[in-house]
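Colleague: Before we discuss details, could you put the model on the screen, so that I can ask my questions with the coordinates in view?

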Amino acid sequence: MSKYNEVKVTKAKGKKSDEVSNSAFQMIRGAYALGGLFPHVVKKDEPDVMETCDVLVNLWTNKKVAGVKEEETRKAMHGSDIDDAFIAPMTGESKIIDKEMRKKLILSLPARCQGYPWKMAFNTDRDGFSLSEMYRRMGDVHSMVLIIIEDMFFQKFGAILTDKPEVKDQYYGRGESFLFTFKAGDFKTFKWTGENEFFIRCYEDSVTIGAGDGHFGLTLDGDLNRGTSEKCLTFSNEPLTVKKDFKIRNMECWAFEIDDE
């Protein structure tokens, strides 16, 4: 461990210094953790933390990096858990996910969302069961989006999307998108396989997330009343729900309050 990591980061975490934000701490810790996995790009003499972090994140998100497993990186950055003090605040109250579920989701988020506050952009309890209303509410969102759904069997599942849902005439999004489920209490994520780029497509009356060979990872109807989930090529996911067809009890969309977006 470097002198900077040992003194500065420990001080920031131990005293919860007001001068170091949650996101800054996560970036510093992540830079040094990833530095252990990519030592050839880390500066040796008192590295500039922000520059090192940018290099490492760019390197990690490049598809050509195949020698380090994502799980290995996650453990290096966070271990198997995350400190309560560094859980980003929420603007709005979730009726679907609790703190422990948030911890699991936070550990799976792409690096550019880690440490930033969550903001409720849409929820069916407040805004009604309407896809058009969801599109309207998402109009001012300029960050990645978390969609989480609870069905009538109290199963909880959803997606992380690099781009907000909006009506377009083609599939869009990027490879950081993924599906997840808490089915039977077991949290699983399903990342991009590289087989295609069918991340999300939004119609006036439906939404599709993940597709291929006539199968869709997650679909929602125009009334946000019913949906389906099945294995698809984009994410090679198992069905996110107990049954292929499900009925929505609650649904929430969260944005991330990233300063530069």
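Modeller: Contact here means heavy atoms within 4.5 Å, and please keep in mind that this is a predicted model.

Colleague: Leaving aside its neighbours within four places in sequence, with which residues is Met-134 in contact?

Modeller: Met-134 belongs to the largest nonpolar core, which has 32 residues, and with Ile-149, Ile-209 and Met-251 it touches the most other members. Once neighbours within four places in sequence are set aside, the residues in contact with Met-134 are Phe-122, Pro-165, Leu-224, Met-251 and Cys-253.

Colleague: Which element supplies the largest share of the core that has 32 residues?

Modeller: Met-251, one of the residues of this core that touch the most other members, lies within the span of β11, residues 245-256. Several elements each supply at least two residues of the core, among them β3 (145-151), β4 (156-161) and α7 (131-137). The largest share, five residues, comes from β11.

Colleague: Which residue in the turn between β3 and β4 has a positive phi?

Modeller: The two strands form a hairpin, with four residues between them. The turn residue with a positive phi, of about 65 degrees, is Phe-154.

Colleague: In the hairpin of β9 and β10, which residue takes a positive phi?

Modeller: β9 pairs with β8 in the antiparallel sense over six bridges, and in the turn of their hairpin, where two residues lie between the strands, Asp-213 has a positive phi of about 55 degrees. β9 also pairs with β10 (residues 226-228), in the antiparallel sense over two bridges, with Gly-227 as the bridge partner of Leu-220. In this second hairpin, with four residues between the strands, the residue with a positive phi, near 50 degrees, is Leu-224.

Colleague: Is the pair of Phe-180 and Phe-182 stacked or edge-to-face?

Modeller: A pair of aromatic rings is described by the distance of the centres and the angle of the planes. A search of the whole structure finds nine aromatic pairs, and for Phe-180 and Phe-182 the centres are 6.1 Å apart, with 80 degrees between the planes. Planes over 60 degrees apart count as edge-to-face, and so the pair of Phe-180 and Phe-182 is edge-to-face.

Colleague: At what distance from the ring centre of Trp-118 does Arg-102 lie?

Modeller: Trp-118 is linked by ring pairs with Trp-254 and Phe-256 into a cluster. Elsewhere in the chain, the charged end of Lys-168 sits over the ring of Tyr-172, 4.3 Å from its centre. Arg-102 lies over the face of Trp-118, and its distance from the ring centre is 4.2 Å.

Notes
Residues numbered from 1 in each chain as written. Predicted model: local features only at pLDDT ≥ 70, side-chain atom pairs only at ≥ 80, totals over all residues. Heavy atoms only, no water. Core = buried A, V, L, I, M, F, W, Y, C linked by side-chain atoms within 4.5 Å. Buried < 20%, exposed > 50% of the residue type's maximum accessible area, 1.4 Å probe, protein only. Pairing = 2+ DSSP bridges. Phe/Tyr/Trp six-rings, centres within 6.5 Å; stacked < 30°, edge-to-face > 60°. Lys NZ or Arg CZ within 6 Å of the ring centre and 35° of its normal.
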